[in-house]
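Subject: Structure handover, salt bridges

Hello,

Here is the structure for you to look through. My notes on its salt bridges follow below.

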Amino acid sequence: MLFLRKPFLTIFVSLLIAVSSSGHAQINGTTSSASENTRNSKEQALDSFLIELSMRDNLSIEILREAFRDVKWQTVARQYMVPSGNAPPRKNWTTYRANVMNAIRLDAGKKFLQEHHQFLDQLEKESGVPSALIVGILGVETVYGRNMGNFPVRDVLATFAFDYPPSPNQASRSAMFKEQLSDHILNCIATVNKSSVDASQLKICLMQEGSFAGAMGMPQFMPTSIRKYAQDGDGNGQIDLRKSPQDAMQSIARFLIGHGWKSGEPIYLPIATDLQNSPIVKDLADGDPIPKRTLGELRSKGVISKWPVGLTEQSPALIVDLPSITKNGGDAVEYLVGLSNFEVITQYNRSFFYAMSVTEFGQAVIQNGYQLPSKNTKQEKPPSTSNGRRDRKQ
């Protein structure tokens, strides 16, 4: 049974953790080698985490331990998360945008729109989130479910929770991944029969494949986002972000609304060409997606002169910088004014490149329109672009 009665359990918590720390309740055995000591230290930390989770949520520690018995620490994922100490590559918006706007992805977007335009239209009416943005996010994230990752989510979350690579933010990132691991376990428990779940059922869910950071499904939600924002869009009484496009679309809209999406407001405003090299604009571009300026302030500095109806002088704003590398190896930067909805998109992924790419890609698909295929037209299956790696940081 997954759930336990609580009487007397609090009396034994300290004893259980102490036993785990001494090695008698570890998930795997100990050895005397240095590498084994390191591994056992991680496994002791994981076991203590499982004990605490079992106490907090009244779960069976035996079932949790069995579900994590063969955890494998993900060295490749660690390398992706914190690359080697070499200097990071120069950012190049031109290349990034071209990679997003490739023919395979655009064709997949067109076919997705053909199939789901009615649902998207209704969702936009109900939520205020533009169809173009939802189409853009699904296209950039996974090419509409083709590239959902091939890392075992249980193992990557455990790796980053208890073996996060050395970095200035190691402690905070480790704590964040512990929360993600906890929510992943609870999400999986919620999908099975709570009265009769066993370790094998739990493990199947825990071991589903995702990105190297543990993001899952067509929209690449982390476990905490699944817990907060995942929603049944197709009305079948279940939430399946891997196989149900309607669930994925509905959940993306709920995520954006939950982070403050403002219906009817634009995402960004252009900055005139003759101001692109203005020192004022450059000074205002601090790389932070949190708006610190207002449209009124930007107008007083000569950055913009007007804005659409519905926005005011007090509307939050920021300067977005999109650096590129010219053909001769020089630097070029495109600037624009990001608005509140731009900042909302960066809650999905903190990259300016990401926010602009999902915006522009979705607009390109919508502008291309959908053409319902003839009954006599044979539909070719688009080639797969799966590469098993998704880096949510640029």
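Does Arg56 count as buried or exposed, and at what relative accessibility? Arg56 counts as exposed, because its relative accessibility is 51% (exposed means over 50% relative accessible area, buried under 20%, and partly exposed in between, with a 1.4 Å probe and protein chains only).

Some background first. This is a predicted model, in which local features need pLDDT of at least 70 and side-chain atom pairs count only at pLDDT 80 or more, while totals for chains, interfaces and linings use all residues. Residues are numbered from 1 along each chain as its sequence is written, and side-chain values use heavy atoms, leaving out hydrogens and water.

The whole structure holds 16 salt bridges (a side-chain nitrogen of Lys or Arg within 4 Å of a carboxyl oxygen of Asp or Glu). In general, side chains of opposite charge can pair when their charged atoms come close.

One of the salt bridges joins Arg56 to Asp57, with 2.6 Å between the closest N and O atoms. Asp57 is partly exposed, at 26% relative accessibility.

Arg154 and Asp155 form another salt bridge, 2.7 Å from N to O. Both of these residues are buried.

Asp183 pairs with Arg227, the closest N and O atoms being 3.7 Å apart. Asp183 is buried at 10% relative accessible area, whereas Arg227 is partly exposed at 43%.

Finally, salt bridges with shared partners link Asp70, Arg154, Asp155 and Lys203 into one network.

Regards
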